[in-house]
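Here is a short report on one protein model. It covers salt bridges, a sheet, a loop contact and a pocket.

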Amino acid sequence: MKCIKSLFFLLSFLSALSAVAQSDLILENSQPSIKWKQVITPGFRVIYQDGFDEQAQQVAGKLQYLRAPESESLLGDKEPKRISVILQNRNSISNGFVTLGPRRSEFQTMPPQDYNFVGNNRWLDLLSVHEFRHVVQNQHSKRGFNKVFYYVFGENTQSAMAFCAAPRWFWEGDAVAIETALTNSGRGRMPSFNREFRANTLEKKRYNYHKQHLGSYKDFIPNHYVLGYHFVGSLRKRTGDKNIWGRVTKTAFLFPFIPFTFSNSLKIQTGSFLVDNYELMMNDWENTWHEQLQGLEITDFTTINKRESEVFRNYEFPQPLEDGRVLVLKSGISEIQKFVILDAQGKEEVAYTPGIMNSSGMLSLQNGQLVWNEYRYDPRWRQKNYSVIKSLDLENGKSETITRKSRYAAAALSHKKGKIVTAMNTIEGENYLVVIDDVSGEEIKRFSDANNALYAMARWSDEDNAIVALKVKDSGKAVVKIDYNTGEETILITVDNENIGHPVLKGQYLFYNSPYSGIDNIYVKDLKSGTAYQVTSSKFGAYNPAISPDGKFIYYNDYTVNGFDVVRIPFAKDTWKPLEQVEDRSYTLPELLTEQEGNPDMLSHVPDERYPVKKYSKLGHMFNIHSWGPYATTDLTRAQLGVFSRDVLSTTDISLGYIYDVEEETGYASAGVTYQGWYPIIDLEVTRGNRSTTESYQGEDIGFKWNETTVDAGFRIPLLLTRSKFHSQLTVQNNFSLTRVSDYNQPERIYIDQQANGDLLTNETTLSYYRLLKQSTRDLYSKWGQSITINHTTSPFGGDYDAGQTALRGSFYFPGLSANHSFYLRGAYQHRKWKLDTLSNDTYILRNQIPLTRGYSHSTWEDFVSLSANYALPLWCPDIAFGPILYVKRIRTNLFYDYGYASTDLVNNQQRVQLKRDAIYQSFGADFLFDINIFRFPPELSLGFRISYAKANDYSSGGSKFELLISNISF
């Protein structure tokens with residue numbers, strides 16, 4: 001019985017999440033003009049855009065080669081069934097994912113520039129290894145009762161129940177462990193990957209499992225990739241068994257509806273529950289990292305920035321100015337990214353707030369001009385975006401967008417004005433170093449490699465006659481110097497597996513970042529003597545060297561438990577340690593994982609095989625059923641039995657089924673489709689069935705029954721307009737609706753917001769726009785922003801009923817009195833069309849579309865004006881766990897004052913006389929919300945209560961009121 005209740009709860013909870021996600025669905029797809037092809041192998045269908053043929057063949061070959069060995073530790077000698085892999089080569093965001101509902105994987109093919117993300121791997125190689133492991137995990141989860149859930153409900157429920165059975169850190173941690181084992185440069189080999197975790201653990205911030213897993217608004221917590229890799233790797237090391245996690249998750253997936261099935265499974269396989277295993281893992285790593293620091297001498301430096309508290313914040317990528325000040329990129333848990341200038345005393349001056357940055361792991365500043373990369377978005381097509389170069393003149397504070405509709409990443413100014421060097425990745429997958437004009441953005445020159453090597457993090461030599469850059473090849477990584485005039489390329493440093501980055505050339509000295517000692521530090525190579533040295537010795541990591549204009553100091557980032565500091569040391573060669581004297585303090589887990597898997601550097605052995613290519617028909621693959629069976633709505637008032645389809649290119653979403661209303665005890669058939677392959681999104685839904693309700697009339701309950709057919713058809717044009725630090729979107733929408741009622745069981749229509757026999761035809765037009773400043777982790781709302789919606793509904797097509805309504809609502813956001821507080825105003829106006837003569841009984845009152853004054857039970861009005869002032873602030877971030885049941889992350893409040901004015905010309909249907917009336921509504925109160933997690937599930941729930949006091953008027957007695965609140969679910 002307990003299992004049945006748990007199953008019911010989980011299915012209801014997951015149905016609620018699904019309902020939230022489907023609201024105003026906008027699929028991420030590409031423009032219809034694109035021609036698609038497919039490469040087919042025994043295990044994969046690689047779908048790609050015309051012109052990306054060679055890369056598609058390489059991805060297909062490597063995925064096929066990985067299929068058996070990467071499946072072995074979870075599936076034994078079995079392999080996942082064939083899956084579609086879509087290569088999105090018009091997207092400038094470097095990412096990839098695997099999902100169910102529908103089952104597919106997508107690779108966003110533009111490689112990142114930050115060497116601490118991709119390491120020494122080629123980008124598509126890293127995606128192939130990492131993302132295919134998720135395919136294996138999904139196949140592994142399809143067993144026991146979770147396999148039953150798949151057959152009864154389809155892919156969505158299989159996925160949801162699998163993520164209930166195993167925590168999210170397992171999925172990503174296991175994938176990072178595999179990428180570390182099968183390549184020479186996975187993230188598990190990079191000290192930067194565990195830097196924050198390591199610092200927290202060693203600096204008395206060893207958090208309990210719930211905080212580490214579920215996060216915090218008080219402290220900075222490394223993400224689930226980091227926790228997962230260290231948890232997965234630690235248990236594999238402790239047991240010496242590469243299959244241990246396969247057995248743990250196998251048991252969990254067999255019974256995913258049993259509470260804490262993952263912890264119970266760990267107990268079966270290891271003798272300890274989840275939290276105990278976590279503590280063992282933390283002990284293991286704490287000892288390892290303590291040993292790593294034994295006898296380490298730390299570099300003496302001068303810290304430039306000042307910290308007034310222990311709130312986590314970063315001061316990154318120092319760029320020294322001529323006058324001794326330093327420009328940095330500042331960000332943190334309580335503040336958004338900003339360019340800040342620090343003076344000698346650490347005083348901060350905000351220079352500029354950038355938009356959505358494409359982080360390349362570097363900045364460049366010369367002659368008072370700063371350049372960086374930002375994303376730009378195609379208004380309609382979510383799989384088409386750009387990476388542009390922006391500049392800032394520090395003298396006048398003026399910013400410029402230098403390039404448009406470009407795919408540039410990392411940008412560096414020449415010492416003399418005129419040129420910028422940057423890396424370019426074309427939509428055909430070709431890599432170049434490009435030199436452009438620093439004003440017009442016009443291309444001046446480009447450099448390339450015959451084997452399409454990736455160039456990254458390029459900078460100019462002192463005399464601007466050469467460019468120094470990282471070069472990532474199949475055989476490893478190098479730092480190269482390219483003669484600007486001849487294009488001749490000279491190798492300055494070449495490495496196999498050492499993850500070097502951020503090269504800076506100053507005279508005869510080449511500075512760079514490296515994990516050579518097992519801790520990230522700054523190194524230098526004397527190009528005249530050929531000798532290499534360690535420049536810094538940091539406890540947790542030193543990065544991003546920059547030489548002062550006078551050549552006397554080296555500025556860099558040193559990591560602390562509270563974030564990156566900007567520090568300075570003298571440019572003194574006699575303090576540098578020769579490379580041969582540097583002690584290797586690396587830990588051995590990556591080698592152990594490689595030994596367990598038995599396939600080191602696996603992608604260096606892929607056979608050269610060509611697979612057949614065919615055209616891919618979007619029309620032929622439009623129908624793709626992925627989920628089916630019964631579902632519950634968020635409030636458990638309706639149950640739906642149906643089938644759901646979406647094609648893998650995300651153009652067509654279809655649902656077909658039967659809906660049963662628990663409260664009405666009625667049911668109706670439903671069919672809906674949204675087609676998003678054209679510029680306007682086309683939506684169509686048809687429902688048909690019986691309805692019923694019970695209303696109180698003159699002290700008597702009266703039952704109403706009728707048959708109802710509805711047709712809703714319309715279009716939407718959602719335009720993503722983000723161009724700055726403000727997220728912006730404009731949506732234009734029009735919807736036609738027909739509601740036909742028959743077999744109405746009452747002799748006459750009593751309520752004008754209830755339809756009797758006949759047709760109601762309406763046309764609804766909506767215009768909505770928002771412009772909201774980007775938020776930090778702690779922000780409750782944007783500090784600045786506007787959100788406006790205009791809705792107009794009429795009945796211009798005839799029918800038996802006449803309806804009309806105009807609604808306007810808007811919210812305006814401002815900073816509060818303290819950090820992360822928010823003050824916002826909300827206003828709304830609504831006019832409903834009322835006929836002065838309703839003897840014909842054909843007026844229909846539409847549902848309310850504006851926020852009304854809180855604390856009242858409202859009647860129907862012709863006109864309503866609503867104004868509201870709100871002040872939201874966090875009260876406490878306790879990070880308290882009540883066993884495995886409840887985790888409280890934050891308690892917050894919203895103080896409000898509401899004002900409303902209502903008026904109407906109302907026809908009293910009983911006395912057949914017209915009345916005029918108006919009323920003023922005033923209330924004030926407070927919402928208290930608890931941001932919580934339950935049963936260790938990552939989705940965050942906001943629950944609480946409202947206390948309000950409403951002033952009495954002619955239509956309400958007012959008084960105090962207590963209400964329970966369910967605010968939202970966030971991921």
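Arg716 and Asp683 join their side chains in a salt bridge, at 2.7 Å from N to O (a side-chain nitrogen of Lys or Arg within 4 Å of a carboxyl oxygen of Asp or Glu). Arg716 lies in strand E37 (residues 700-720) and Asp683 in strand E36 (residues 681-697), so the pair ties together parts that are 33 residues apart in sequence. Both Arg716 and Asp683 are buried (under 20% relative accessible area; exposed is over 50%, partly exposed in between, with a 1.4 Å probe and protein chains only). Strands (E, at least two residues) and helices (H or I, at least four) are DSSP runs, numbered from the N terminus.

This is a predicted model, in which local features need pLDDT of at least 70 and side-chain atom pairs count only at pLDDT 80 or more, while totals for chains, interfaces and linings use all residues. Residues are numbered from 1 along each chain as its sequence is written, and side-chain values use heavy atoms, with hydrogens and water left out.

## Other salt bridges

How many salt bridges does the rule count? The count comes to 46 salt bridges. One of them pairs Arg67 with Glu79 at 3.0 Å, N to O. This pair links distant parts of the chain, 12 residues apart: Arg67 sits in helix H2, Glu79 in the loop between H2 and strand E3 (83-88). Arg67 counts as buried, because its relative accessibility is 10%. Glu79 is partly exposed, because its relative accessible area is 34%.

Glu963 and Arg946 form another salt bridge, at 3.8 Å, N to O. Here too, distant parts of the chain are linked: Glu963 is in strand E48 (residues 959-970) and Arg946 in strand E47 (residues 940-950), 17 residues apart. Arg946 is buried, with a relative accessible area of 14%. Salt bridges with shared partners also join Arg313, Lys330, Glu335 and Glu348 into one network.

## A four-stranded sheet

An open sheet of 4 strands runs in the order E19-E20-E21-E22, and its pairing is antiparallel. Two strands pair if DSSP finds at least two bridges between them. Which strands form the edges? Strand E19 (454-460) and strand E22 (489-495) are the edge strands, each pairing on one side only. The twist averages 25° from one strand to the next (axes are lines fitted to C-alpha atoms, for helices over the stretch in contact; angles run from 0 to 180 degrees between N-to-C directions).

Strand E21 (residues 476-483) and E22 pair in the antiparallel sense over 6 bridges. Val479 stands opposite Ile493 in E22.

## An exposed loop serine

Ser857 is in the loop between strand E42 (822-832) and strand E43 (863-876). Is Ser857 buried or exposed? Ser857 is exposed, because its relative accessible area is 61%. Ser857 and Ser957 are 100 residues apart in sequence, yet 9.9 Å apart in space, C-alpha to C-alpha.

## The second largest pocket

The second largest pocket holds about 1100 Å³ of space. Of its 43 lining residues, the closest to the centre are Gln58, Lys62, Arg122, Asp125 and Asp474. A pocket is an open set of points on a 1 Å grid over the protein atoms alone, where a 1.4 Å probe fits, with protein on both sides within 12 Å along at least five of seven lines; lining residues have an atom within 4 Å of a point. Grid points are joined across faces, edges and corners, and a volume is the space filled by probe spheres set on the points.

Helix H2 (53-75) and helix H4 (123-141) each supply at least two lining residues. H2 gives the largest share, 7 residues. The lining divides into 12 nonpolar, 19 polar and 12 charged residues (Ala, Val, Leu, Ile, Met, Phe, Trp, Tyr, Cys and Pro are nonpolar; Asp, Glu, Lys and Arg are charged; the others, Gly among them, are polar).
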